[in-house]
Structures are given as structure tokens and as C-alpha cells.
Amino acid sequence: MKKAILLSSVIIAGISTVQAQSDLTDDYFRFEASYASMIFQHFDENANGFALGFLYGNSLSPDIPLFIEYGAYGSFGVCKVEATNGSSYAKETDKFFNIAAPVNLSYKIGLTDNISLVPFAGVNFKLNCVSYAELEATGYSKERYNLFDDEDVENTAHHFQFGANIGIGLNISNFYVGYRFQPDFNEYFDGVKSKTNYISIGVNL
């Protein structure tokens, strides 16, 4: 009787393990919200903001937890630089908004039945939609410059950028927390490279 109970326990444990490993290869869909830090070469300050988006992971094998991920994110950032000299005051506020479409390869590493680690790497296609600067100074009215318009600035921003997308995430049941780094291969302005760090939380559906 004891042997029968022991054998049954081993079989059940084996089935549970197979089920847990099978879950690792299931497709997934995730909503994410992120803190975003946009870093522009030669800028005195970073542009801090947030991003919202979704990601779909498509399984490439029923036996190996390897996925191709693709999705879309919208990122908004603000950079402020202020200076005072006696009674004089000046401030520049730069605002940025972009839409990005990453394409990654990811690998899901099962740690327990409901916890997994997911490193990923791929490329990122970015469309810069909004880029402008507001200038305020003592004795002058506020002025706004469209950084895409060559009539407003000499060195205009680029609408399209292509870069890398590298990071790692942790799934705890349906909850997700992760970090990703996006360095852009081509410049934002001529002579000015850019990169963005994201710290994300999300929900897997």
C-alpha cells in the first residue's frame, strides 16, 4: 500500500513538472507601464518621463521556451535646465514623445511553478513624433521652438531612429517587473546620440 502511494506521488509530481515546463512555452501578451530616462549626448540633464505599451511573445517551439516578441510603446519625456544670475533667470524646457516598435528574441527560464526569468535582446524601430523646446528668461516673453523645423533651429531632430533593445524581466504569476536598455544606432540630432533606460511593471494576460 505504501509503495502504491509512493508511486502515485511520483507520477503526480512528474505530471506537475511536465505541466509547469509546458507553461513555459505558452504564448503571452503583456501590458506595461515604465519609468523612462532618456539620455541625450551633450545635454546637461536627462529627460525623465514614462512609457505605456504592450508586448506579444510568440512561441517558436513547443519544447524550447524561446520566443519572438513584438509590440508597441509610447514614451514621453521632459528635460528642464534652469540658471540664475543675480536677479536674472532663464529656463529651457525640452519635451519629447516617440512611438517605438521592438522586435526581440527572448528565453524564459523557469525558477518555480509560477516564477520565471526572461532575458531578451533585439532591435528597436523608433518614430520621434514630438520634439520642442520652450525658452523663458527675465525680460523676455516665452518662446517655443519646434526641433524638427529648420526655420526654428539650425540642427533639426531626426524623425526616425533605429537601435537595440536589451533587457531582462521577472514573471511572478501574472505580474511582471523588468529593465530594458535602448541605445539608438543613429543620432537624434547631428552629433547628438541618444539612449533610454526603462524600469517596467506589467500584467501578463
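A contact here means heavy atoms within 4.5 Å. On that basis, residues 24 or more positions apart account for 59% of the contacts in the protein chain with a separation of 6 or more. This is a predicted model, in which local features need pLDDT of at least 70 and side-chain atom pairs count only at pLDDT 80 or more, while totals for chains, interfaces and linings use all residues. Residues are numbered from 1 along each chain as its sequence is written, and side-chain values use heavy atoms, with hydrogens and water left out.

**Confidence**
- The mean pLDDT (the predictor's confidence in each residue, from 0 to 100) of the protein chain is 89, and 89% of its residues reach 70 or more.
- Over residues 1–22 the pLDDT is below 50, and this stretch has one contact in the model beyond near neighbours in sequence.

**Fold**

**Burial and surface**
- Of the 205 residues, 36% count as buried, where buried means under 20% relative accessible area, exposed over 50% and partly exposed in between (1.4 Å probe, protein chains only).
- Leucine 105, placed in strand 4, counts as partly exposed because its relative accessibility is 47%.

How values were computed. Helices (H or I, at least four residues) and strands (E, at least two) are DSSP runs, numbered from the N terminus.
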